[in-house]
Amino acid sequence: MDRALKTVVRKVHDLFKEKGLTLSAAESCTGGLVCHLLTSLPGASGFFEAGVVSYSADAKRRILGVSADVIRRYGVVSEQTAKEMARKVRIVSRTDFSLSTTGNLGPDALEGKDRGLVYIAVAGKGKTWAKELRLSGDREENKREAALEALKFLIEIVERAYYAGN
């Protein structure tokens with residue numbers, strides 16, 4: 001793991017342990033990389049409960065319970081799907097916070113949406129936040145960058161929720 005990733009993963013570990021919080025993840029385009037990164041450092045079992053890789057639209061519906069209507073109306077590469085993935089995995093795993101990733105890493109367009117379009121979402125404290133990413137690397141670079149940005153977004157949201165009173 002490179003230095004940038006290790007720093008961010010360490011920050012997630014420290015933050016969740018310090019606050020006594022639990023975490024789950026629902027991944028699509030990152031294919032389990034977020035879960036892999038979280039569990040690469042010792043001590044993840046102290047806060048990380050579960051991770052689900054729901055790569056296909058059918059798996060998003062069957063395993064997570066993402067609404068077929070959301071997928072039909074907005075597509076799997078959408079803010080709405082990312083938010084619903086985060087909410088659903090949080091409910092299923094009964095965690096304080098959850099994180100999700102969905103997008104198109106490339107090389108081809110998916111659902112008519114550009115390569116590098118990724119949505120990440122965080123659910124917790126009765127709210128769900130999402131962020132759009134426009135990545136420009138190759139497939140592997142986009143996967144790494146999406147996972148890194150998802151973990152950074154998680155830190156931002158948890159810190160905001162606990163330090164700003166949101």
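**Close-up views of a predicted model**

**View 1. The antiparallel pair of strand 4 and strand 5.** A121 has A130 of strand 5 opposite it. The model shown here and in the other views is predicted. Strand 4 and strand 5 run antiparallel and are joined by eight bridges. Two residues lie between the strands of this hairpin, and K125 there adopts a positive phi near 55°.

View 2. Seven bridges connect strand 3 (residues 97–103) with strand 4 (residues 117–124), and the two pair in the antiparallel sense.

**View 3. E149 in helix 6.** Helix 6 spans residues 139–163 and contains E149. Is E149 buried or exposed? The relative accessible area of E149 is 14%, under the 20% limit, so this residue counts as buried. Apart from neighbours within four places in sequence, the contacts of E149 are I120, K131 and L133.

**View 4. The aromatic pair of F16 and F47.** Two aromatic pairs are present in the structure. In the pair of F16 and F47, the ring centres are 5.6 Å apart and the planes stand at 35°, so the pair is classed as tilted. F16 belongs to helix 1 (residues 3–19), while F47 sits in the loop between helix 2 (33–38) and strand 2; the pair therefore ties together parts 31 residues apart in sequence. F16 is buried, with a relative accessible area of 1%. F47 is buried too, with a relative accessible area of 0%.

**View 5. The aromatic pair of F16 and F97.** The centres of the rings of F16 and F97 lie 6.2 Å apart and their planes are at 85°, so this pair is edge-to-face. Because F16 lies in helix 1 and F97 in strand 3, the pair ties together parts that are 81 residues apart in sequence. F16 and F97 are both buried. Through the ring pairs, F16, F47 and F97 are linked into a cluster.

**View 6. The nonpolar cores.** Which residues have the most contacts inside the largest nonpolar core? They are V12, F16, L23, F97 and L151, in a core of 38 residues. Two or more residues each come from helix 1, strand 1, helix 2, strand 3, strand 4, strand 5 and helix 6. Helix 6 makes the largest contribution to this core, giving 11 residues.

Notes:
Residues are numbered from 1 along each chain as its sequence is written. This is a predicted model: local features need pLDDT of at least 70, side-chain atom pairs count only at pLDDT 80 or more; totals for chains, interfaces and linings use all residues. Side-chain values use heavy atoms; hydrogens and water are left out. Two strands pair if DSSP finds at least two bridges between them. Helices (H or I, at least four residues) and strands (E, at least two) are DSSP runs, numbered from the N terminus. Buried means under 20% relative accessible area, exposed over 50%, partly exposed in between (1.4 Å probe, protein chains only). Contact means heavy atoms within 4.5 Å. Rings of Phe, Tyr and Trp (its six-membered ring) pair if their centres lie within 6.5 Å; planes under 30 degrees apart count as stacked, over 60 as edge-to-face and the rest as tilted. A nonpolar core is a set of buried Ala, Val, Leu, Ile, Met, Phe, Trp, Tyr and Cys residues joined through side-chain atoms within 4.5 Å.
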